[in-house]
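Take a look at the model below.

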Amino acid sequence: TTIETFIQHIPKAELHLHIEGTLEPELMMKIAKRNEISLDYESVDEIKKAYQFSNLQDFLDIYYAGANVLRHETDFFDLTWSYLTKAHSQNIVHTEIFFDPQTHTERGVAFSTVITGIHKALEKAQNELGISSKIIMSILRHLDEDSALETLKEALPYKEWITAIGLDSSEVGNPPSKFARVFEKAKTEGFETVAHAGEEGDAGYVREAIEILKVSRIDHGNRSLEDELLIKHIVENKIPLTVCPLSNLKLKVVKEAIDHPLLKMLNRGMVATVNSDDPAYFGGYINENFLAMSEALNLTAKHVHQLSRNSFIASFLTQEEKSKWI
Ligand code: HPA
Ligand code: ZN
């Protein structure tokens with residue numbers, strides 16, 4: 001259809017993408033084999049069949065287990081390069097990717113191994129595919145403040161490569177306030193900050209991320225719609241929301257595609273963007289996310305254009321870099 005072609009061709013920025021969540025079953029098996037790691041699965045089909053989740057924690061358990069095959073710099077390079085070629089095929093021209101260092105350092109893989117592999121792939125993508133990028137180092141919120149502070153310290157020698165600090169993993173029971181000091185230090189060190197909030201946690205989690213962590217973007221943010229005063233604050237301060245439609249469906253944050261709040265967010269004047277979160281686990285990259293929403297919510301080319309425009313506005317590119325795309 002014409003909207004499908006429009007979605008494919010319009011230049012886009014992706015702002016909510018966990019690199020560990022781009023590990024396709026085929027690559028997982030290939031890396032497991034060369035690293036001599038035995039998997040709990042015999043085939044790609046068997047892996048795919050295991051990807052059925054009833055909530056965020058269900059998914060996280062499988063996602064952290066999958067990341068266990070990643071051991072060497074080349075593994076992180078191959079993972080990232082594979083995502084970047086896919087992103088290029090979908091007309092993503094700028095991407096801001098999360099990585100979860102603690103997922104790797106906790107099992108003995110060095111911070112430098114992880115970030116160097118990712119960085120080298122991003123550099124190659126800039127040179128060969130013309131894709132610009134930023135790295136967001138995300139803190140695992142189910143771990144304690146000391147582990148977060150230690151991770152922030154490990155990031156300092158790599159400041160040149162890391163633009164922002166984020167917060168992900170199990171939301172309910174791990175509110176933003178748990179990391180108030182970590183984010184304060186991150187800001188002092190000159191990092192931008194973002195946080196996952198309002199995915200499973202209520203509007204109070206979004207409020208804390210904004211008021212206590214002082215983040216410049218909210219990842220997901222769905223449940224901010226439950227609080228009128230918060231909506232007003234988000235609109236007036238143009239705080240972007242990085243929304244992930246297929247993720248929301250797979251993790252049962254939203255029941256059916258037609259119930260998805262994306263259009264409501266746009267109509268309320270919120271700077272919403274469309275992203276793929278963990279595409280290897282949720283059944284689609286950015287264009288499939290756009291397409292699912294355009295079908296369910298009857299999005300027009302105008303909506304798609306607004307969402308693409310929002311993705312650049314909400315990015316960490318400079319004004320001058322943004323003006324090339326908006
Ligand atoms: N939410 C929280 N943690 C995550 C996610 C998510 O959607 N993806 C990867 N880690
Ligand atoms: Zn996420």
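The site of the zinc ion (ligand 2) is irregular in this predicted model. Its four donor atoms make angles of 82 to 173°. To count as tetrahedral, four donors need all angles between 85 and 135 degrees.

Which residues hold the zinc ion (ligand 2)? The donors are His16 (NE2), His18 (NE2), His196 (NE2) and Asp277 (OD), at 2.0 to 2.2 Å. Along the chain they follow the spacing H-x1-H-x177-H-x80-D. Histidine 16 sits in strand 1 (residues 12-18), and histidine 196 in strand 5 (residues 192-197), so this pair ties together parts that are 180 residues apart in sequence. Histidine 16 and histidine 196 are both buried.

Now for the other ligand. Ligand 1 is surrounded by His18, Leu56, Phe59, Leu60, Tyr63, Asp168, Ser169, His196, Glu199, His220, Asp277 and Asp278.

| Residue | Atom of the residue | Atom of ligand 1 | Distance |
|---|---|---|---|
| Serine 169 | backbone N or O | nitrogen | 2.8 Å |
| Glutamate 199 | polar side-chain atom | nitrogen | 2.7 Å |
| Aspartate 277 | side-chain N or O | oxygen | 2.7 Å |

How much of ligand 1 does the protein bury? Taken alone, ligand 1 exposes 260 Å², and the protein buries 100% of that.

Helix 2 covers residues 25-34, and its buried residues include Pro25, Leu27, Met28, Ile31 and Ala32. These five cover an arc of only 160° around the axis, which puts them on the same side of helix 2. Lys30 and Lys33 are on the other side, and they are exposed.

Finally, look at the backbone. Asparagine 91 has a phi near 60°, a positive value in a residue other than glycine. Asparagine 91 lies in the loop between helix 5 (73-89) and strand 2 (92-99). It is partly exposed, with a relative accessible area of 26%.

Histidine 220 also has a positive phi, near 80°. Where is histidine 220 found? Histidine 220 belongs to strand 6 (residues 217-220). Is histidine 220 buried or exposed? Histidine 220 is buried, with a relative accessible area of 0%. Histidine 220 is also one of the residues around ligand 1.

Terms used
Residues numbered from 1 in each chain as written. Chains lettered and ligands numbered in written order. Predicted model: local features only at pLDDT ≥ 70, side-chain atom pairs only at ≥ 80, totals over all residues. Heavy atoms only, no water. Donors = N, O, S within 2.8 Å, 3.2 Å for Na, K, Ca; no water. Tetrahedral: all angles 85-135°; square planar, octahedral: opposite > 155°, others 65-115°. Helix = DSSP H or I, 4+ residues; strand = E, 2+ residues; numbered from the N terminus. Buried < 20%, exposed > 50% of the residue type's maximum accessible area, 1.4 Å probe, protein only. Near = heavy atom within 4 Å. Polar contact = N/O pair within 3.5 Å; in protein donor to acceptor, adjacent residues only side chain to side chain. Areas by Shrake-Rupley, 256 points an atom, 1.4 Å probe, with all protein chains shown as cover. Arc of directions from axis to C-beta.
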